[in-house]
Amino acid sequence: MRSMKGERGAISMGLVVGIFLVLFAAYEAKQFGPLLLRQFQFQDAAIEASKFSATKDANAVANELAHKAAELQLPITREMIKVTKQATHVRVQVAYELSADWLPGKPYKWTVNVDEQS
């Protein structure tokens, strides 16, 4: 006699759990993926600003980063950006908070600290 477990058309519990996990992973990727990508793009812009701003003053660098943050739709204001320029190096410091829905209706917040120095 054949077992009922292997019959065609039967849905196993493992399949249901697997489909649920794939759907949950897709939802999380949709929520966090674009936000994390914009976060990394801003961090890359801060690295470039600290390395290649030897001829610019601190206000110009901060304004450039504020413009980049607005372009990336990040919650960063001009006042959050601190640029320290000395004779030998430039330091860019930014601290801001990001938020995304971890579960529907359950926001997850984290603080991002960007501290780059050339």
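**Entry 1: a buried charge**

I began with Glu116, which is buried (under 20% relative accessible area, with over 50% called exposed and partly exposed in between, using a 1.4 Å probe and protein chains only), yet Glu116 has no salt bridge. A salt bridge here needs a side-chain nitrogen of Lys or Arg within 4 Å of a carboxyl oxygen of Asp or Glu. The nearest side chain of opposite charge is Lys51, 7.3 Å away. For charge, I counted Lys and Arg as positive and Asp and Glu as negative, leaving out His and the chain ends.

A note on what I am reading: this is a predicted model, where local features need pLDDT of at least 70, side-chain atom pairs count only at pLDDT 80 or more, and totals for chains, interfaces and linings use all residues. Residues are numbered from 1 along each chain as its sequence is written, and side-chain values use heavy atoms, with hydrogens and water left out.

Which side chain makes a polar contact with the side chain of Glu116? I found Gln43, at 3.4 Å. A polar contact is a pair of N or O atoms within 3.5 Å; within protein, one must be able to donate a hydrogen and the other to accept it, and residues adjacent in sequence count only if both atoms are side-chain atoms.

I then listed the contacts of Glu116 (heavy atoms within 4.5 Å). Beyond its neighbours within four places in sequence, Glu116 is in contact with Gln43, Ala46, Ile47, Ser50, Val90, Arg91 and Val92. Glu116 itself sits in strand E3, residues 106-117.

**Entry 2: the salt bridges**

Side chains of opposite charge can pair when their charged atoms come close. How many salt bridges does the structure hold? I found 3.

I looked up Asp115 and Arg91, whose side chains meet in a salt bridge at 2.7 Å, N to O. Asp115 lies in strand E3 and Arg91 in strand E2 (residues 90-103), so the pair ties together parts that are 24 residues apart in sequence. Asp115 is partly exposed at 41% relative accessible area, and Arg91 is partly exposed at 29%.

Glu71 and Lys68 form a salt bridge as well, with their closest N and O atoms 3.5 Å apart. These two are 3 residues apart in helix H2 (residues 58-71), so about one helical turn separates them.

Glu64 pairs with Lys56 in a salt bridge, the closest N and O atoms being 2.6 Å apart. Glu64 is partly exposed at 37% relative accessibility, and Lys56 is partly exposed at 31%.

**Entry 3: stepping back**

I counted 2 helices and 3 strands, in the order α-α-β-β-β along the sequence. Helices (H or I, at least four residues) and strands (E, at least two) are DSSP runs, numbered from the N terminus.

The C-alpha trace spans about 85 × 25 × 20 Å along its principal axes. The radius of gyration is 23 Å, whereas a compact globule of 118 residues would have one near 13 Å. That radius is taken over C-alpha atoms, and the globule rule is 2.2 Å times the number of residues to the power 0.38. I also noted that 26% of the 118 residues count as buried.

**Entry 4: one last residue**

Leu103 is in strand E2 and is partly exposed at 29% relative accessibility. Which residues does Leu103 touch, not counting those up to four places away in sequence? They are Phe24 and Tyr27. Leu103 and Phe24 are 79 residues apart in sequence, and their C-alpha atoms are 9.2 Å apart in space.
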